[in-house]
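The structure is placed below for reference.

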Amino acid sequence: MAQDRRRTSDPDAHPDYRAPADRAPGIRAAGACWTRTILHADMDAFYASVEQLDNPQLRGQPLLIGVDHPRSVVSTASYEARPFGVGSAMPMVEAKRRCPQAIIVPPRMQRYAEVSEQIMTVFADFSPRVEPLSLDEAFVDLTGSERLLGPPDVVARNVKAAVKAATGGLNVSVGVSGCKFVAKVASDFRKPDGLLVVPPDAMLAFLAPLPISRLWGVGKHGEELLRNMDLRTIGDVASADPLWLKQRLGSLGPHVYALAHADDQRPVVADREAQSISSEETLDVDVSGRAAIEPYLLRAADRVARRLRRAGLRAGGVRLKLKTHKFQNLGRQVALLPPTTSSSALYDEACKLLAHVDLTQRYRLIGLGAYDLQREGAPIQGLLFGEPERKKNDKLDRALDSLRERFGKGAVQRGSDMGARERFGLPTGKLPDD
Ligand code: DCP
Ligand code: MG
């Protein structure tokens, strides 16, 4: 969730501030300074934007998401409503008083969860190390991926474009920097539709003019203590004596001193990927029958396998996921022996699982997931036969990965994929979100 809506002056106005890389390519050229590359992404006015996406009549309108009840609070406000001083957590009564013309829309959590799944899937396409913080925001660790994905500003632009494409038009604000704290402040800095890259050697200058309220984990009480010590900006804290800070603030002292120096070693914790890797699609038109479902499984298997290989993981099981047109979720799963990173193995097993579901039903969502994930280096149990075939498939998959990474995801398709698309009457060219 975006941290703090209060803004003070633009740091560009600060005398010590150097323009970040998105406006000064020269800084980016000093790429060696990127020991860690952390991206933070946060959707703009998330619930309100989803409502505007789904209902064109709400676009351009001031919206308050929440229940119109004397005791309720606002979940969020659209950017059209924010100039009236309304926002998250404000009592609905007060928000209505400040912005009487606002349209009040009740939240639809299930829909927001669906969009959340779409954006997290996009992030996972850029790195196996994705740490979701809430429905609408995540950290993505891009460390070491510059050769594969390009420099930070290019990746940031690509993430924004991919989120827009996957959701059908939503904006995400993105910040990239050398640690979590600065990446998060950066993503909030140019909202809405923001993009800010703060290279590690510009982090201190970026933080210095910002108010202490931006310091993570300080809270109202901490802010008051700092203000009483005449510390108003992060730069004030950075240049204070660390011993004095500790004497006056106890354990908060070293904490704020470290943050003010952009010293934040917290790793991106990708627990979601540790449990399963999946890919699913909500269809424009419901489908039924094996022939219609299999091409979607093929595409999902390819994506999941690619992510497994990038993350250095093998799947010990594959899960078929379907949602009927009546929103009933169906899951079927089977263990894989040996564990695999092979797209065709995932696809074949998922197709076999189709025998265990009612194929006359109409389905609105089709997905495939890999679970029981194991590190690639770990010894494979029970691998007695099929090794040469597995190695051949592995090599083919990796060759396809490297071509896709160099020339774009639509650049190559395996013969079986094209065959399937022809068989099922799907376009043989690039699919919408390949
Ligand atoms: N939310 C909520 N109650 C809050 C804060 C947030 O229900 N007190 C919900 C509604 C938001 C969503 O979480 O849409 C994401 O929270 P953010 O803080 O990221 O706020 P927004 O995405 O709405 O706006 P911003 O563009 O400032 O990120
Ligand atoms: Mg948000």
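I began with the hairpin of S10 and S11, which has four residues between the strands; there Phe327 takes a positive phi near 65 degrees. Strands (E, at least two residues) and helices (H or I, at least four) are DSSP runs, numbered from the N terminus. S10 (residues 313-324) and S11 (residues 329-340) run antiparallel and are joined by eight bridges; strands pair if DSSP finds at least two bridges between them. I noted Gly331 in S11 as the bridge partner of Lys321.

This is a predicted model, in which local features need pLDDT of at least 70 and side-chain atom pairs count only at pLDDT 80 or more, while totals for chains, interfaces and linings use all residues. Residues are numbered from 1 along each chain as its sequence is written, and chains are lettered from A and ligands numbered from 1 in the order in which they are written.

I next looked up the open sheet of three strands, whose order is S3-S2-S4 with mixed pairing. Its edge strands, S3 (76-77) and S4 (103-105), each pair on one side only. S2 (residues 63-65) runs antiparallel to S3, with two bridges, and Ile65 has Thr76 of S3 as its bridge partner.

Last, I examined H14 (residues 290-311) and H15 (residues 343-353), whose axes come within 8 Å and cross at roughly 140 degrees. Axes are lines fitted to C-alpha atoms, for helices over the stretch in contact, with angles from 0 to 180 degrees between N-to-C directions. The contact (C-beta atoms, placed from the backbone, within 7 Å) includes Leu297 and Ala301 of H14 and Leu346 and Tyr347 of H15.

Terms used. Contact = placed C-beta atoms within 7 Å.
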